[in-house]
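User: Please take a close look at a single part of this model. Then set it in its wider context, chain by chain.

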Amino acid sequence: MIETTGLRKTYADGAEALRGLDLNVPTGSICGFLGRNGAGKTTTIKILLGMSRPTSGEARVLGLDATSPDASVEIRRRSGFVSEEKDLYGYMTVVEMVRFTAAFFPRWRRDLEERYLRRFELPPLRKVSALSKGMRTKLALLLALCRGAELLILDEPTSGLDPTIAEEVLQAIVSHVANEELTVFFSSHQIAEVEQITDRIVIIDRGRAVVSGALDDLRESYRRIQLVFDGDAPKAVFTAPGVARVERKGRVLSVLSSANAEAIVAEARRLDPVSVDVAPVSLKEIFLDTVHTEGD
Amino acid sequence: MLWYKSWLETRWRFLIGFALLLCSAAGSVLVYPQIARLTASVPVNAPGILGEKIREAMELARSYRGYVWSHWFGQNLTQMGTLFAILLGTASLLSESSGALFTLSLPVPRRRLLHVRAAAGLAELFAIVFVPSLLVALLAPAIGEHYGIGAVLIHAFCFFVGAALFFTLSLLLSTIFGDPWRPVMIAVGIAIALAIVDQLSHVSMFGVFRVMSGERWFREARMPWAGLIAIAAATATIYYGALRNLARRDF
């Protein structure tokens, strides 16, 4: 559904937003796109929707070349999008905004429009400029969900919302996806909400994908291996593949493995620790460790 | 629906400009009898270029045709019409606060966004130029004067061609800058510079504002085709630049 290869974006001021991003989002998945602020999430999304052009590399969405102006029109016809800023037309009323958007999408879902107008309790005759941020987010979501899209791209949809509204927005996305066949690409730096709704994860840091895969597989393959020694933990170099990060702190040597935990444990035992503890890792730990490692 | 969006974005600028120019046109006609009496009775003895200008203006005001050309087409319409052409051309194409990303997420090529915005703005500019100008002719019998509709259409056409240049310039600047103020300030600055050049060039009949006022038609009953074609070519080039700039722009 979304595929990028070696995607690079360098801005005129020399800032490198993307440094060879490889991305693969399969059809039907709900993919969380995690990264720190400034990691390159929004730049990637803008390239996928034809709003920005890559310096080099390839980007394909729905099988179409996202860098071609004509193909990107077709991509946008078949995609729903909510931007981080939820920048809608302040001078239109809610109902004008809905009618305006509906005119561009032949597969516009009137049934969903009515349902979400009721569910989100959006005042039809109120100007968009007079809506609260939460209301504006709900309207932006309605405008994306009703397009009859095959792909939904959400750029930090809950950014700046209070927890109640953020939860309401997430629930709306989850229930929509449960009822409709579509792929969701969901950017965020809120790990908990990504974990709540996605089945696939891409972690981006400094313009490169550092982790990519199904959420269950990541949970299954990532392990925290903690070794406790009598004295100070030794400086160890592991040769087994799958070591993502090694950290020494006093008597404790902590190893984060992305795969191959058994082989790493076997190698660790040769260091003669007092105890070896292997524990599953949360997405938050994976995120913090991988981003930290890449950032160092 | 893009037409509707353009209308909503520019309607207040258009309506204010339209109302002001209608009032100005009506006022220009209705005060003419007093001005005609004044010019007949007051001698002008001021020396130098200023005196020459005043004498020329008073000479023109002795006939309704001369007054309409110098006062309406040469001053009020030129100044206010040019300003509103610039204001109508200022489009918030890049500003995220005006929904640029939402617009760009629609399945519409960028060139179409600009075409619709330009066409809607030019239609408003057309109304702002032609309707008040026609009022000058239509109100003339109310003060016992006559002004031909054909002459109005010719002068308004010349002005419209020139105003489209400033409209397009403002549109181009809007594809470069994200805020609405810099395009207005730069375009107004360029308009003032061109007006000064017009004043300085005594021999040229092809200054932008001279072409816009239809001076050649007024004095020689000949259309300023060369000037009009040059302005139209410049307008087309600037519009092409705006299209190219918008097409390659990163948002």
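Analyst: Two strands pair if DSSP finds at least two bridges between them. Helices (H or I, at least four residues) and strands (E, at least two) are DSSP runs, numbered from the N terminus. This is a predicted model, in which local features need pLDDT of at least 70 and side-chain atom pairs need 80 or more, while totals for chains, interfaces and linings use all residues. Residues count from 1 along each chain as its sequence is written, chains are lettered from A and ligands numbered from 1 in the order in which they are written.

The part to look at is strand 3 of chain A, residues 30-35. It has parallel neighbours. Strand 8 (residues 183-188) of chain A is joined to strand 3 by 5 bridges, and the two run parallel. Within that pairing, Ile30(A) has Val184(A) as its bridge partner. Strand 9 (residues 200-205) of chain A also runs parallel to strand 3, again with 5 bridges. Here Phe33(A) is partnered by Val202(A).

Now burial. A residue is buried if 20 or more other C-beta atoms, placed from the backbone, lie within 10 Å of its own; 12 or fewer makes it exposed, and in between it is partly exposed. By that count, 6 of the 6 residues of strand 3 of chain A are buried. Both faces are covered. Ile30(A), Gly32(A) and Leu34(A) lie on one side. Cys31(A), Phe33(A) and Gly35(A) lie on the other.

Helix 3 (residues 94-102) of chain A has the highest confidence, at 96, and helix 10 (residues 283-295) the lowest, at a mean of 74.

Chain A also touches chain B. The contact (C-beta atoms, placed from the backbone, within 7 Å) takes 20 residues from chain A and 19 from chain B. On the side of chain B, helix 1 (2-30) and helix 5 (100-104) each give two or more residues.

Chain B has 11 helices and 0 strands. Of its 251 residues, 39% are buried. Its C-alpha trace spans about 65 × 35 × 30 Å along the principal axes. Among contacts in chain B between residues at least 6 apart in sequence, 73% join residues at least 24 apart.

Technical notes. pLDDT = per-residue confidence, 0-100. Contact = placed C-beta atoms within 7 Å.
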